[in-house]
Amino acid sequence: MKQISLDYRYLKAFLVTSKYLNFSKAAQELNIAQSAVSRQIKLLEESVGQQLIIRSSKKVLLTEKGQALLDELRLFETRLQDIFFGHMNKTLRVGILHGLLETWFNDVMVEFSTKSKHQLVVEVNSLEQLKEKLYAGKYDIILSTENIQSELISSLKLFEEKMVLVSKTEIDPKEAQEYPWVVYSDQDHLFQLYKKRSQKTVVVNSITTILKLVRKGVGIAIVPDHTVDAEMKLKTYDLKGMPKQHIHLSSLNFKIMPEHIKQLVDAIKKQT
């Protein structure tokens, strides 16, 4: 199959000439010489290997291929109009850490869904995957614990995430190693905070499941305080020496943020 390489200037000359069916009027609109319009269309015809316009001293007519090309160009212009200026519903793609989705972000989704016509797609991922997909343009925003500042991306600090130790029954936090641990990963805060480790650990990459296991007495855990509510009836303990952790909203560095993304950002700010 022949590979076609098209110059948009030639397509524009063809489109305007087709509108007027007149080289002189097309040249006026394009602000170039009539001979230049004729030459650009000739080069377009050479590129596609087809005659697109039949010329005469009085009339300009489109061939069958010319009309087919014109129809496609008009459709293309309509699609461009919709992409950049249309009011159609748009889809917002959000990447988020697991614990944030299950708690705080629920209220954001309610706020946004009741006031916006746009679609919302939320995906849980690891911190590394969130950053990678944001850089690749697969997310519009991400919500994570990292403050990303670069030529392409900037972050806004939303709130401080306080971590607490939780257990089913009363314990002595200084003796945490004496109890089984329920942890999110081998980088869990329990491993960072205590030099002596528990002899028994359960690793689960779900904050909800971690809390359920603690409620059933399987072990103790360190979780964000916003994931714990009164109905769980868990014992909570503030921890000394725990490094501060902040939640950030990160997005590409738009000169002017698209309106549909701005709507979601405003909803997020309202919940913080």
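This is a predicted model: local features need pLDDT of at least 70, side-chain atom pairs count only at pLDDT 80 or more; totals for chains, interfaces and linings use all residues.
**Stop 1: the largest pocket**

Start by selecting Leu 97, Tyr 184, His 189, Ile 207 and Gln 245. Out of the 26 residues that line the largest pocket, these lie nearest its centre. The space in there comes to about 640 Å³.

Now colour the elements around it. Helix 5 (98–102), helix 8 (189–193) and helix 9 (207–215) each give at least two residues to the lining, and so do strand 10 (221–224) and strand 12 (245–252). What is the lining made of: nonpolar, polar or charged residues? It divides into 12 nonpolar, 12 polar and two charged.

Stay here a moment and zoom in on His 189. You'll find His 189 in helix 8, and at 16% relative accessibility it counts as buried. Show what surrounds it: setting aside neighbours within four places in sequence, His 189 is in contact with Met 163, Ile 222, Met 242 and Gln 245. Gln 245 is another of the residues nearest the pocket's centre.

**Stop 2: the largest nonpolar core**

Next, select Leu 100, Trp 104, Phe 105, Leu 143, Leu 158, Leu 264 and Ile 268. The largest nonpolar core has 26 residues, and these seven touch the most other members. Several elements give two or more residues to this core: strand 3 (91–96), helix 6, helix 7, strand 5, strand 6, strand 12 and helix 10. Which of them gives the largest share? That's helix 10, with five residues.

Centre the view on Ile 268. Not counting residues up to four places away in sequence, Ile 268 touches Trp 104, Phe 105, Val 108, Ile 141, Leu 143, Leu 158 and Leu 249.

Apart from this core lies another one, of 17 residues; to find it, pick Leu 11, Ile 41, Leu 44 and Leu 70, which are among its members.

**Stop 3: salt bridges**

Side chains of opposite charge can pair when their charged atoms come close.

Begin in helix 6 (residues 104–115) with Lys 115 and Glu 111, four residues apart, or about one turn of the helix. Their side chains meet in a salt bridge at 3.1 Å, N to O. Are the two partners buried or exposed? Lys 115 is exposed, because its relative accessible area is 59% and the cut-off is over 50%. Glu 111 is buried, because its 16% is under 20%.

Finish with Glu 146 and Lys 131, another salt bridge whose closest N and O atoms are 3.1 Å apart. This pair links distant parts of the chain, 15 residues apart: Glu 146 is in the loop between strand 5 (141–144) and strand 6 (153–161), while Lys 131 is in helix 7 (residues 127–135). Glu 146 counts as partly exposed at 27% relative accessibility, whereas Lys 131, at 14%, counts as buried.

Definitions and conventions. Residues are numbered from 1 along each chain as its sequence is written. Side-chain values use heavy atoms; hydrogens and water are left out. A salt bridge is a side-chain nitrogen of Lys or Arg within 4 Å of a carboxyl oxygen of Asp or Glu. Buried means under 20% relative accessible area, exposed over 50%, partly exposed in between (1.4 Å probe, protein chains only). On a 1 Å grid over the protein atoms alone, a cavity is a set of points where a 1.4 Å probe fits but cannot get out, and a pocket is an open set with protein on both sides within 12 Å along at least five of seven lines; lining residues have an atom within 4 Å of a point. Grid points are joined across faces, edges and corners, and a volume is the space filled by probe spheres set on the points. Ala, Val, Leu, Ile, Met, Phe, Trp, Tyr, Cys and Pro count as nonpolar, Asp, Glu, Lys and Arg as charged, and the others, Gly among them, as polar. A nonpolar core is a set of buried Ala, Val, Leu, Ile, Met, Phe, Trp, Tyr and Cys residues joined through side-chain atoms within 4.5 Å. Contact means heavy atoms within 4.5 Å.
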